[in-house]
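Please examine the sequence and the structure shown below.

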Amino acid sequence: MSISKKDVEHVAHLARIRVAPDELTRYQEGLANILELMAQMQDCNTDGVEPMAHPQDIALRLREDRVTEINERSSFQKGAPLVEDGLYLVPRVIE
Amino acid sequence: MPHRHSLTTLRDMLRQREISSSELTRHFLDRIARYDDLNAFITVQEETAMASAQRADKHLSNGEYGPLTGVPIAHKDIFCTRDILTTCGSKMLRNFIAPYDATVVERLADAGSVLTGKTNMDEFAMGSSNETSYFGPVRNPWNRERVPGGSSGGSAAAVAARLVPGATGTDTGGSIRQPAAFCGLTGLKPSYGRVSRYGMIAFASSLDQGGPLARSAMDAALLLKCMAGFDRRDSTSMAHDTADIDGALKINLRGLRIGLPTEFFDDSVNPTVLTRVREALAVFEELGASLVDIALPNSRAGIPCYYVIAPAEASSNLSRFDGVRFGHRSEQATNLQELYEYSRAEGFGEEVKRRILIGTYALSAGYYDAYYLKAQRIRRLIAQDFSKAFEQCDIIAGPTAPTTAFGLGEKTQDPVAMYLNDIFTNTVNLAGLPGLSIPAGPDDSGLPVGMQLIGQFMDEGRLLGAAHRFQQVTDWHQRAPEGF
């Protein structure tokens, strides 16, 4: 199983991780080795087997639709890199 | 030398006022400082620990105590601790002060324990050697040139070096059991849903479980009872009584059927490891247990299956680290897209990035069926293998890892070789079952060998009980590394 440099760039874009041109080969090799490992799954016959997403084959419980949490915005924003007036700041999106 | 005593003994000594929590906490803090070359801790909470020890002493002098009043412990740095640095071993969170406590942290504090600090770990729990930590590798107290295992390597090294009598860990594919094996400890990965994941920084949500690293099954049982139980803040938390665990410590092993999967005893395992495990099994037989051969035919597929599912879930969970709300933010971004890409490129280490990329790939259009769905189908086969095996036996036993602790740097250049460490542990996470690693004696160079016991869903009582009986007639768990 191989993976092209272009595939690595595409996946890095989907994952929003900048991969520098000089790192590309290393990631390509690393991912190719893991894909080779993953290819071993093909030895396993899974015809007619239902996928299992979770160890508990049960529906998640529901709770009453009621406000239970208090507003802790200022405490949560203490760790934010950049805030102003209770808002998270990011580079300009709309010119 | 109070650090020689077990956690349970120390708790009793505190209650009988033979030692104060202030003395004990001071003693352990001094040891943490003295052995800081192990790099087991990321943060040491000296002041708050001493203050909480003094509060514990006040309670103890009034005869008021909880299950762990005054006992010093440490938390893996994956658990959020209010007002205390919580890094998850990553540059991404190197300055993150958690605004709330994880349920596990809250419960162990309510039980009266004293938090000495936060332990080192593989970055975001992704690793089997503690070498992916942004804060540097942890050294194994049994041999400083060896790894302590991972990802809970700091907790394991700390307990093995007697820097604390017990610590928390988390286990997604073996991250409690493998370091427990490498450091000669008793480490339990509970059944999925037994211990709340609230405030435990998520790696792979359908596999992650918190649990104890301790020096004996009895100590692990005590910590588990304090950590476990239903939590409404974790949507997969299960209401399950832990009262059975005390009773289980008294079980008789007569008639206990121990299943030995042929797949766990093949020539991929180091021969000395197999010898120690077989010797330990002979002890179980002397105690009245019977051994039965069983098969887990799909266990080989466990590694590839796990290394699709865990990275896929991780790629989704770690998307929250975007440089906006918390964590590292790049200085070189000129637009929002770059802010995400550079913050993540700079904040995550190489192994974490590799897993996010592979997970993203497995979930991406055109590959989803071939990788992710295929892995989920294999996951069901693995779970069914265990159910079938448990028709013939009560618990399953085998080695925890194929080798003892390997050398620092030995496997860092080969991710796939590192992944193969989890071969006997990660199927247990895929099936959601409890798994316990206990020491089974040394290899030829004196490094501990770990033996794994796997139980049926929510049957950790029987695992702890069987291990406790074994530890009553053996003393491997009492061996300390030289110089500690």
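In this predicted model, B:Arg17 counts as partly exposed, because its relative accessibility of 42% falls between the limits of 20% for buried and 50% for exposed residues. B:Arg17 belongs to the loop that connects helix H1 (7-15) with helix H2 (21-34) of chain B. Most residues other than glycine have a negative phi, and most peptide bonds are trans.

B:Cys88 is another residue other than glycine with a positive phi, here near 55°. This residue is located in the loop between strand E2 (72-76) and helix H4 (103-110) of chain B. Is B:Cys88 buried or exposed? B:Cys88 counts as buried, because its relative accessibility is 0%, and buried means under 20%.

The two residues are set out below.

| Residue | Phi | Relative accessibility |
|---|---|---|
| B:Cys88 | near 55° | 0% |

A further backbone feature concerns a peptide bond. The bond joining B:Gly150 and B:Ser151 is cis, with an omega of about 10°. B:Ser151 is placed in the loop between strand E3 (114-119) and helix H5 (153-160) of chain B.

The overall form of chain B may now be considered. Chain B contains 16 helices and eleven strands. Its C-alpha trace extends over about 65 × 55 × 45 Å along the principal axes. How does the radius of gyration of chain B, 21 Å, relate to that of a compact globule? For 484 residues, a compact globule would have a value near 23 Å, so the 21 Å of chain B agrees with this form.

Of the 484 residues in chain B, 69% count as buried. Among the contacts between residues at least 6 apart in the sequence of chain B, 76% join residues at least 24 apart.

Which residues form a nonpolar patch on the surface? The patch consists of A:Phe76, A:Val83 and A:Tyr88, which together have about 240 Å² of accessible area. Within this group, A:Val83 lies in strand E1 (residues 83-84) of chain A. A:Val83 is partly exposed, because its relative accessible area is 34%, and a residue in such a patch must have over 30%.

Key:
Residues numbered from 1 in each chain as written. Chains lettered and ligands numbered in written order. Predicted model: local features only at pLDDT ≥ 70, side-chain atom pairs only at ≥ 80, totals over all residues. Heavy atoms only, no water. Patch = residues over 30% accessible without salt bridge, like charges linked within 9 Å, V, L, I, M, F, W, Y side chains within 5 Å. Areas by Shrake-Rupley, 256 points an atom, 1.4 Å probe, with all protein chains shown as cover. Salt bridge = Lys/Arg side-chain N within 4 Å of Asp/Glu carboxyl O. Helix = DSSP H or I, 4+ residues; strand = E, 2+ residues; numbered from the N terminus. Buried < 20%, exposed > 50% of the residue type's maximum accessible area, 1.4 Å probe, protein only. Rg over C-alpha atoms; globule rule 2.2 N^0.38 Å. Contact = heavy atoms within 4.5 Å.
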